[in-house]
Amino acid sequence: MKKIDKARVKVIYTRQTNPLELEKCSEAWTYGCSNLPKFLFGQPTVPFPLRTSDILNSFWRQNGEVITDKFKPFPKYFGLELLMEQDFSVTAAMHALAEKVMTLGAFIGDQYAKKESVDKNFLFKIKEMLALIGLMLYREGVGKDIYMGSFPYLYGQFLKISDELHALYCLVIRKGDYPTQLAGSSVYQAASEMPLRTLSVLGQRMNPYVMWAKTYRYANIAEKGKESWRAKWLLSMYEKIANKLYDVWQEETRFNDQEKAQLFIGYLASLPKSENNVEKEESNQTEED
């Protein structure tokens with residue numbers, strides 16, 4: 001890295017290569033960054049390698065504000081090394097990403113469950129972060145076909161569905177008066193530190209909302225956003241994911257960096273079945289009746 005003047009910096013990275021190797025490395029980069037499930041806010045685009053250090057060198061507050069961009073532990077050429085060296089260690093990068101997702105996860109998930117608007121520039125940076133997480137997991141030999149069935153990912157989905165169910169309760173019963181944090185987001189950070197104990201706490205906290213949903217699902221309410229079929233769908237997802245969690249139960253006291261990343265992906269990823277499909281099924285059943 002060479003300074004041109006006080007305001008500009010030129011990145012110099014020297015490596016002997018050929019077009020075939022470049023093509024192979026680029027394909028692997030793209031494939032790795034796409035190692036992700038679907039998201040309701042859209043799929044992340046593949047970031048350029050030179051964006052890698054900018055993403056890793058961003059530090060955030062829990063409300064989504066950037067703290068500083070002056071501390072730069074990752075050099076500008078880091079992404080080029082990551083691109084060209086397929087066996088390049090990603091331990092440090094994964095740790096940096098894990099710290100960021102534990103800071104931002106609860107905020108993002110809570111915003112979406114409450115259907116609040118999210119700044120487009122902030123969302124773009126989150127999607128870049130997700131793309132890098134997908135790449136890091138891919139480099140560690142963990143494809144989405146593997147981690148989407150893992151305990152941390154399913155745990156994230158369980159937190160997400162808990163938020164959605166709690167948010168629907170608040171919309172219907174409390175007339176849209178939401179608490180500072182919803183049930184899932186309130187235990188997001190604790191989930192990575194004490195997953196089993198936190199799961200027990202979450203289950204107790206969710207009990208009144210689950211009992212309410214079991215009654216509300218038969219209310220035949222069609223008001224937009226408060227549809228009673230939504231309670232039936234959310235309750236179904238809640239029970240299915242809880243059963244899947246039981247099947248992959250693991251006796252761990254704390255998540256490592258890779259598992260924290262999977263928790264984050266699961267928390268933001270779309271649920272297994274879209275609301276639109278469930279709504280169509282409900283409509284069809286009503287017509288048949």
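The structure is a predicted model.

The chain contains 13 helices and four strands. Of its 289 residues, 46% are buried. When contacts between residues at least 6 apart in sequence are considered, 75% of them link residues at least 24 apart.

Two packed helices are described by the angle between their axes and by the distance between those axes. Helix α4 spans residues 91–113, and helix α5 spans residues 120–139. Their axes come within 11 Å and cross at roughly 135°. An angle over 145 degrees would count as roughly antiparallel, and one of 65 to 115 degrees as roughly perpendicular; α4 and α5 are therefore oblique to each other. The crossing of α4 past α5 is left-handed. On the α4 side, the contact is formed by Ala93, Met94, Leu97, Lys100, Val101, Leu104, Phe107, Ile108 and Tyr112. Helix α5 contributes Phe122, Leu123, Ile126, Met129, Leu132, Ile133, Met136 and Leu137. By residue class, the contact of α4 with α5 comprises 16 nonpolar residues and one charged residue, with no polar residue.

The loop between α4 and α5 holds Lys115. This residue is not a glycine, yet Lys115 has a positive phi of about 60°. With a relative accessibility of 61%, Lys115 lies above the 50% cut-off and so counts as exposed.

A positive phi is also found at Asn220, a residue other than glycine, where the value is near 55°. Asn220 is placed in the loop between α10 and α11, the latter covering residues 228–247. The relative accessible area of Asn220 is 70%, and Asn220 is therefore exposed.

Helix α10 runs over residues 195–216 and includes Thr215. Thr215 has a relative accessibility of 59% and is thus classed as exposed. From Thr215 to Ser228 the separation is 13 residues in sequence, while their C-alpha atoms lie 9.4 Å apart in space.

Cysteine residues were also examined. A disulfide is a covalent bond between the sulfur atoms of two cysteines. Zero disulfides are found in a search of the whole structure. Cys33 has a relative accessible area of 2%, which is under the 20% limit, so Cys33 is buried. Cys170 has a relative accessible area of 0% and is likewise buried.

Key:
Residues numbered from 1 in each chain as written. Predicted model: local features only at pLDDT ≥ 70, side-chain atom pairs only at ≥ 80, totals over all residues. Heavy atoms only, no water. Axes fitted to C-alpha atoms, helices over the stretch in contact; angles between N-to-C directions. Helix = DSSP H or I, 4+ residues; strand = E, 2+ residues; numbered from the N terminus. Parallel < 35°, antiparallel > 145°, perpendicular 65-115°, else oblique. Left-handed = near helix turned anticlockwise from the far one by under 90°. Contact = heavy atoms within 4.5 Å. Nonpolar A, V, L, I, M, F, W, Y, C, P; charged D, E, K, R; others polar. Disulfide = S-S within 2.5 Å. Buried < 20%, exposed > 50% of the residue type's maximum accessible area, 1.4 Å probe, protein only.
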